[in-house]
Amino acid sequence: MTTTAPAEADLHDSPSGAAERTPRFRRPGRLRRIGLPYLLLLPALILELLVHLVPMVMGMVMSFKELTQFYIRDWGAAPWAGLDNYKVSVDFDAPVGEALLRSFLITVAFTVLSVGLCWLIGTAAAIYLQDPFRGRGLLRALFLVPYALPVYAAVITWVFMFQHDNGLVNHVLHDQLGLTDKPSFWLIGDNSFVALLVVSVWKGWPFAFLIVMAGLQNIPKEQYEAAALDGAGMWQQIRRITLPSLRPVNQVLVLVLFLWTFNDFNTPYVLFGKTAPEAADLISVHIYQASFVTWNFGTGSAMSVLLLLFLLVVTGVYLLLTSRGRKTADV
Amino acid sequence: MSSTSQAPRSPMAPPRSFFWSRRIFLTLLTGFVLVPVYVMVSSSLKPLADVTGKFRWLPSELTIRPYIDIWSTIPLARYFVNSLIVAGAATVCSVVIAVFAAYAVSRYDFRGKRVFTVTVLSTQMLPGILFLLPLFLIYVNIGNATGIALFGSRGGLILTYLTFSLPFSIWMLIGYFDSVPRDLDEAALVDGCGPLGALFRVVVPAAIPGIVAVAVYAFMTAWGEVLFASVMTNDTTRTLAVGLQGYSTLNNVYWNQIMAASLVVSVPVVAGFLLLQRYLVAGLTAGAVK
């Protein structure tokens, strides 16, 4: 407070006397310059602390407590549970741990498939749309529609399409193409995994498309011209110039897609409701259910912390591997 | 330079395989993208009998009834206004705060700069589920202690949403501001603008595409969020993301109305997004992707 006040005063005085300005202005000016970046960061910092960091620390504390609905009013009073919540979560022979492990494995499989497909489709579409042709602008706009749609509007349309009796998917597969003996259930049972994957890819690939498209614009045209002079064909140009140039973009893109998909709550929640079918029981919904449906917040918090640790380790290893690969590739 | 000397060879024509594979791929992808959009539009114009019986590609008769009924089946207008207020306010606040923070990181050297950027970005990693309950408790406690109602109010939701888009916005704007030549704002400083004057008169106008991109992103994030909206709103503050579920909790599932309502709530964001996508790509090119 005291450091900024004189600086403010000087600012207002400064136009009056140019002669005396220089000696008086120097010291507060420097203080101001040092203080200014922090002042600019302050709102962002306070909000991040309030909404992300403090709750995260609180969540960690809660994971060591026996926190049920009786203690919600005054959670500090809940008895300490030591490592009990963690023991329950990772005891894979008991029902709670077993269910968590299964949910985790399903999430891993789902994430790998979804991110892989999103990346593949997005990259292919971006490369195919790189050179101008008739209708390119229209396609580009159209391809961004799934990403622009609000999640619930998009997913609820898929819910309608996946309906057993009146949905489009069964109508096409069973009635029109005759591929199945009888109409299938898509939102319960094993098929729900496929349904979730389709919706997730439909919704997610345009983001990859968008980022890769932006990345392509940073590749200098001269590189292609030089390669063309060397006699490299279209496919070779894509393999030798386009894909390697996209490496740094892909490094970030794949990581972001991975984190978003792994933590995705909105898609399964709108698709299946509060309790997801076993085959599509993603970890975020699983933990939500453990906390808010069975009212066991301590265990829910412990599971969240475990999830966070897993994501931290994966991100760390990923960044280490990809940046090392990049360095050696450069040499 | 050299390309002009060998004019016939330089724009090498892509092989046939490129064209037919492009045609097949883009056709399939267009179908995949369009089918749900078609279902949404066509079903919203169908009478109820068409959507409760077997699926039909074409409506038995075209009706705009669903578009009239959606407003009375649930208080859609109220949810709409709530969503507009929440997403609008979150966007404005998020963009302003991100501009300040990104300007500081882009133009100043200070202790803790790296820690700040890394911390902010790593919040993207946090599972929403980890801080949902603590945040809920913090809001309730702030409410009890100060009388500022955050839980159940639009304010609490605005606060939450604006921090969701903040990390990505700051990150993207840092890249964008870095691409605005420093000479420009230094000239403004010499001309007697303060640092904030330089920011708003020089840097911000030069970075408009990036700022628009960030605003679009922030608005979409807030407009579509479900998890926090489902826990932190009540009847009067409910947003569209949660409110739309009202069409299917009744005895009959009014699919035609659900599709009509989905379309109505999508049009503002999709239209805005498509109008501004040029900026988004430009913003990403200059900022995040570099």
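**Figure 1. Chain A holds 14 helices and zero strands.** Helices and strands here are DSSP runs (helices H or I, at least four residues; strands E, at least two), numbered from the N terminus. From that end on, the elements of chain A run α-α-α-α-α-α-α-α-α-α-α-α-α-α. This is a predicted model, in which local features need pLDDT of at least 70 and side-chain atom pairs count only at pLDDT 80 or more, while totals for chains, interfaces and linings use all residues. Residues are numbered from 1 along each chain as its sequence is written, and chains are lettered from A and ligands numbered from 1 in the order in which they are written. Of the 331 residues in chain A, 38% are buried. Buried means that 20 or more other C-beta atoms lie within 10 Å of the residue's own; exposed means 12 or fewer, and partly exposed is in between, with C-beta atoms placed from the backbone. Take the contacts in chain A between residues at least 6 apart in sequence: 62% of them join residues at least 24 apart. Two residues are in contact if their C-beta atoms, placed from the backbone, lie within 7 Å.

**Figure 2. Chain B has 14 helices and zero strands.** Its elements run α-α-α-α-α-α-α-α-α-α-α-α-α-α from the N terminus on. Chain B has 290 residues, and 46% of them count as buried. Its radius of gyration is 24 Å, but a compact globule of 290 residues would have one near 19 Å. That radius is taken over C-alpha atoms, and the globule rule is 2.2 Å times the number of residues to the power 0.38. Along the principal axes, the C-alpha atoms of chain B fill a box of roughly 75 × 70 × 35 Å. Among contacts in chain B with a separation of 6 or more, 74% come from residues 24 or more positions apart.

**Figure 3. Chain A touches chain B.** Here 75 residues of chain A are in contact with 78 residues of chain B. On the chain A side, helix α2 (residues 18–62) gives the most, with 17 residues. By class, that side has 57 nonpolar, 16 polar and two charged residues. Ala, Val, Leu, Ile, Met, Phe, Trp, Tyr, Cys and Pro count as nonpolar; Asp, Glu, Lys and Arg count as charged; the others, Gly among them, count as polar.

**Figure 4. Helix α4 of chain A crosses helix α2 of chain B.** The axes of α4(A) (residues 95–128) and α2(B) (residues 16–43) come within 11 Å and cross at roughly 125 degrees. Axes are lines fitted to C-alpha atoms, for helices over the stretch in contact, and angles run from 0 to 180 degrees between N-to-C directions. The two helices are therefore oblique to each other. Angles under 35 degrees count as roughly parallel, over 145 as roughly antiparallel, 65 to 115 as roughly perpendicular and the rest as oblique. The crossing of α4(A) and α2(B) is left-handed. A left-handed crossing has the near helix turned anticlockwise from the far one by less than a right angle; a right-handed one has it turned clockwise. From α4(A), Ile121(A), Ala124(A), Ala125(A) and Tyr128(A) make the contact; from α2(B), Arg22(B), Phe25(B), Leu26(B) and Leu29(B) do. By class, there are seven nonpolar, no polar and one charged residues in this contact.

**Figure 5. Helices α9 and α10 of chain B pack together.** Helix α9(B) covers residues 182–190, and helix α10(B) covers residues 195–206. Their axes are 9 Å apart, at an angle of about 150 degrees. The pair is therefore roughly antiparallel. The crossing of α9(B) and α10(B) is right-handed. Leu184(B), Asp185(B), Ala188(B) and Leu189(B) in α9(B) meet residues of α10(B), including Gly197(B), Arg201(B) and Ala206(B). The contact of α9(B) with α10(B) has seven nonpolar, one polar and two charged residues.

**Figure 6. Helix α5 of chain B crosses helix α8 of chain B.** The axes of α5(B) (residues 76–107) and α8(B) (residues 154–178) come within 6 Å. They cross at roughly 35 degrees. This crossing is right-handed. Its contact residues divide into 22 nonpolar, five polar and two charged.

**Figure 7. Ile148(B) lies in a loop between α7 (128–146) and α8 of chain B.** Ile148(B) is partly exposed, with 13 other C-beta atoms within 10 Å. Leaving aside neighbours within four places in sequence, Ile148(B) is in contact with Ile142(B) and Gly143(B).

**Figure 8. Arg278(B) sits in helix α14 (residues 255–286) of chain B.** Arg278(B) has 15 other C-beta atoms within 10 Å, so this residue is partly exposed. Arg278(B) and Val202(B) are 76 residues apart in sequence. In space, C-alpha to C-alpha, Arg278(B) and Val202(B) are 22 Å apart.
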